Amino acid sequence: MTEKDYLKDISEIKDIMNRSTRFLSLSGISGILAGIYALIGGTIAYKLLTQQGRWTRGEAYTLTISSLAVILVVIAGTVAMLSVVSAYVLTKRKAVQNNEKMWTPVSRQLLVSFIIPLVTGGIFALLLMYRGDYALIAPTTLIFYGLALFNASKFTLSTVKYLGLLEVVLGLVSMLFLGNGLFFWMLGFGVLHIVYGALIYIKLDKKS
Amino acid sequence: MHNIIKNINKIFDHRVRLGIMSALMVNDFVDFNTLKELLNVTDGNLASHLKALEKMAYITVTKEFIGRKPNTKYNTTPAGTEAFKKHIVALEKIIKMQQ
């Protein structure tokens, strides 16, 4: 065996260790799209809230009109659903390109470790809404989403870990500025997603 | 130099066996089909290399049923882990010496 073969052995070991523990076909474009949906949804919500004169930015508010609350949940739900659908479609396409299977033990672990903190946070946010604690919803969703990303990052691109931490920090900071939830929400789910989606896109595009 | 060469494990001097060990080192268990996809080899080829590693007592085999489908999972034995680590250290040393 020559030196070249030994080097090849080492890189093969690294590659297989990576591929057998991480799902790497995450789509950067889907991150960018999710960010755009969030910004559009946030803008619509802001328009709705200010138009009706029930709320001015910076004021910790309690919504009394439940129909408006329902509309806001529908907007958030639509943003989330569109994001999930684009992520699924684009990730699947990328997995096919990369010759990686979509449904593997690793991608299952990725999904489970992501969904458990996420669903916990989602239910918690709905309960806050039920109790009328609207101001706490933005910090809660950002923190739980960040923890979900951090938890899932073990099974995918390690950069996802930093996105998770940033979301958590943003959520904690937003606790100090209650009443600006929408602003932080658009920053966390909109801007951060676009920046990270672009980063992943550039990083992986250069590689391939 | 002679010592290092001695630590190069002949058993791992093959792409498929090296791949199997790499995957098993970083996972609790890996099943047959996952290994097959990961290493891009045929059933027969994979099975024969798994047999070789099993014979050396470097890996253990667990057979179970998921529903009605049989599922065969593999993991490393402490001896296998030890041997593979030694092999990697030897590889790294040789590369460093030749550079």
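I take a residue as buried if 20 or more other C-beta atoms lie within 10 Å of its own, as exposed if 12 or fewer do, and as partly exposed in between, with C-beta atoms placed from the backbone.

**Entry 1: ground rules**

I note that this is a predicted model, in which local features need pLDDT of at least 70, side-chain atom pairs count only at pLDDT 80 or more, and totals for chains, interfaces and linings use all residues. Residues are numbered from 1 along each chain as its sequence is written, and chains are lettered from A and ligands numbered from 1 in the order in which they are written.

**Entry 2: chain A as a whole**

I looked up the burial of chain A and found that 35% of its 208 residues are buried. I then listed its elements, where helices (H or I, at least four residues) and strands (E, at least two) are DSSP runs numbered from the N terminus. Chain A has seven helices and zero strands. I also checked contacts, counting two residues as in contact if their C-beta atoms, placed from the backbone, lie within 7 Å. Among the contacts in chain A with a separation of 6 or more, 76% join residues 24 or more positions apart.

**Entry 3: Leu90(A)**

I located Leu90(A) in helix 3 of chain A. It counts as partly exposed because it has 19 C-beta neighbours inside 10 Å. Leaving aside neighbours within four places in sequence, Leu90(A) is in contact with Ser27(A), Ile29(A) and Ser30(A). Between Leu90(A) and Gly31(A) I noted 59 residues of separation in sequence and a C-alpha to C-alpha distance of 9.9 Å.

**Entry 4: helices 4 and 5 of chain A**

I asked at what angle helix 4 (residues 105-131) and helix 5 (residues 137-152) of chain A pack. The angle is about 170°, and the axes are 8 Å apart. Here axes are lines fitted to C-alpha atoms, for helices over the stretch in contact, and angles run from 0 to 180 degrees between N-to-C directions. Among the residues that make the contact are Phe114(A) and Leu118(A) of helix 4 and Phe144(A) and Ala148(A) of helix 5. For the classes, I count Ala, Val, Leu, Ile, Met, Phe, Trp, Tyr, Cys and Pro as nonpolar, Asp, Glu, Lys and Arg as charged, and the others, Gly among them, as polar. The contact of helix 4 with helix 5 has 14 nonpolar, six polar and no charged residues.

**Entry 5: nonpolar cores**

I define a nonpolar core as a set of buried Ala, Val, Leu, Ile, Met, Phe, Trp, Tyr and Cys residues joined through C-beta atoms within 7 Å. The largest core has 39 residues, and those with the most contacts inside it are Ala148(A), Leu149(A) and Ala152(A). Its largest share, 11 residues, comes from helix 5 of chain A. Not counting residues up to four places away in sequence, Ala148(A) touches Phe114(A), Pro117(A) and Leu118(A). A second, separate core of 22 residues includes Ile13(A), Phe12(B), Ile59(B) and Tyr74(B).

**Entry 6: where the chains meet**

I recorded 15 residues of chain A and 17 residues of chain B in the contact. Helix 1 (residues 3-21) of chain A gives the most to the side of chain A that touches chain B, with 12 residues. That side has seven nonpolar, three polar and five charged residues.

**Entry 7: chain B**

I found five helices and three strands in chain B, in the order α-α-β-α-α-β-β-α from the N terminus. Of its 99 residues, 28% count as buried. Asn40(B) has a phi near 60°, a positive value in a residue other than glycine. This residue lies in the loop between helix 3 (32-39) and helix 4 (43-55) of chain B, and Asn40(B) counts as exposed because it has 10 C-beta neighbours inside 10 Å.
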